[in-house]
Amino acid sequence: MKRGYLSQYFSGVALKRLSPVEADFQASNQHEFNGSAEIESLLGDADRKNIPTRFMWVGQDQDQSEAESGFLSWYDARRAHPKRSEYRLYYEGNAVTRKMVAGDAFFLAARQDSTALAIFTPADSTAYNQLIWLFGIDSELQESFDFTPIEGNRDAELGFVSRSVLEALEIEPDEPEAGHLDSLVEPFGVKMPKAAVLSELARTSVGTEIAIQDPDKAIIDWMERETLLFRRIERKQVAKRIAEGFGQQGAEDVDGFIKFSLSVQNRRKARAGLALESHIEVVLEANNVGFVRGAISENNNRPDFLFPSAEAYHDPEFPSARLLMLGAKSTLKDRWRQVLSEAQRIEEKHLLTLEPAISEKQTAEMKAKKLQLVLPRSIHTSYHTNQQSWLMSVRDFIELVKSRNP
C-alpha cells in the first residue's frame, strides 16, 4: 500500500529548549526569538511577514492541550545595513504561548503549504518523544535552535502510527489508494456499517492468514485498513451533512455545527477502540489461545480479555499465577490507570496499545504499578533504547499465555 511520506507535509523542523527569558510574559505581549542560521535554513533568508501559524501546547497529560491560530514573522531587523544582519522571529502572545514555561521544548515546523506549526510541550513528555520520533530528530535538546530537514532517511513513509501522530497535530493525512477503498465500501453507500462488519471487511481485504504468521503485523495492518475504510465512509457522511447546511441563511446554527464536529471526533475514538478489541480477539483465536472477552470480574469491572476463562478466574481453587488479563486501548494518554482496578486476582496486568513513544516517566510509573505494556513489534523502535527491552510484542504475549496454560 502506498502510504505517502512526511515530506508531503513538512520541509523541515527547528527545535530548542525555551530559556527563562523567552518564557517570561511579564513585560509585554509582543515576543520574539533571536534569529539563527538554523531558522534561516528552515524559513529562508528573505523577510517573511505574517506567516499563518498554528500554535499548539500539549501538557504531560495529552488530554491537556490547547491550540490557536496566529502569525509568525521572520525578518532581518538590519535589512538596510550594508554589512550587518540581525534576524528575528516575532510572534504575538496568545493563549497557547502563555502556557509555555522555561525548559519546555519548542518545535517550529515549516509546512509545504507555506504555513508553520509551533508546538510547545514539556521536554520529558510523551508528546515530545512522539515528535522527536516523527521528525527523525537525533540531536540533544538545547537552548539554541537545531534544524532537521525532512529529507533522505528522515523522510519516513507514513504508516498507521505516524499518521495518528499527524492527526493529533490537526493534520489530516491524504488517504492512500482512495479508489480501491471506495470500491470496498461502495455497498454501504453513506451508511456506516456496524463495527464488527467493518472489522471483518478490513481483515478479509488484507488477509487473515497473517494472524498466525505475524500477529504483530496483523494488528497494525488490520487497524490501518479499517481506519481507512471508516474514513472513506465518514467522508461521504460529512460531505452530505455539510451540503445540507447548519441552519438557514441569516440564522446559522453554530452550536449545531460544533456538536456535529464533536460527534465525528468521538465516533472516531470509539470505533478505534472497538476495532482494536475485535482484531485482538481474532488473533487470539487464530493462535488457539483460551480467553474470554468482556467477562465480569470484581465490582462489576469488565477486563477486555481474561485468560484462560471466566470460570477459571472465579474458581478460588484455580491458581492465580496462571491467570492473565489484557486491556486494550488504541491510545493511552492518562487512561492506562483504569486497567489497574480490573481483575484483582491478577497482580501483574497487561495492556495492549498502539501509542508510540510513551515517556520514560510514564513507563516507569507503569512498572511500579505492575502494568506491562504490549505493543506490535514495529512500534517498539519509537521508544528509547532503555525502554525497548521491557516492552512485550503481541507474539510475546501469546507465548506467555500458552506457557501459563498449555
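Modeller: Helix H8 (254-286) and helix H12 (394-404) each supply at least two residues of the largest cavity's lining. Helices here are DSSP runs of H or I with at least four residues, numbered from the N terminus. This is a predicted model: local features need pLDDT of at least 70, side-chain atom pairs count only at pLDDT 80 or more, and totals for chains, interfaces and linings use all residues. Residues are numbered from 1 along each chain as its sequence is written, and side-chain values use heavy atoms, with hydrogens and water left out.

Colleague: What volume does the largest cavity have?

Modeller: About 40 Å³. On a 1 Å grid over the protein atoms alone, a cavity is a set of points where a 1.4 Å probe fits but cannot get out; a pocket is an open set with protein on both sides within 12 Å along at least five of seven lines; lining residues have an atom within 4 Å of a point. Points are joined across faces, edges and corners, and the volume is the space filled by probe spheres set on them.

Colleague: Which residues line the largest cavity?

Modeller: Ile280, Val283, Leu284, Leu326, Leu352, Val374, Val394, Phe397 and Ile398. That lining divides into nine nonpolar, no polar and no charged residues.

Colleague: Now the second largest pocket. How much space lies in it?

Modeller: About 420 Å³. Of its 21 lining residues, Trp133, Gly159, Phe160, Val161 and Ser378 are the closest to its centre.

Colleague: Which helix gives the most to that lining?

Modeller: H7, with five residues. The lining of this second largest pocket has nine nonpolar, four polar and eight charged residues.

Notes:
Ala, Val, Leu, Ile, Met, Phe, Trp, Tyr, Cys and Pro count as nonpolar, Asp, Glu, Lys and Arg as charged, and the others, Gly among them, as polar.
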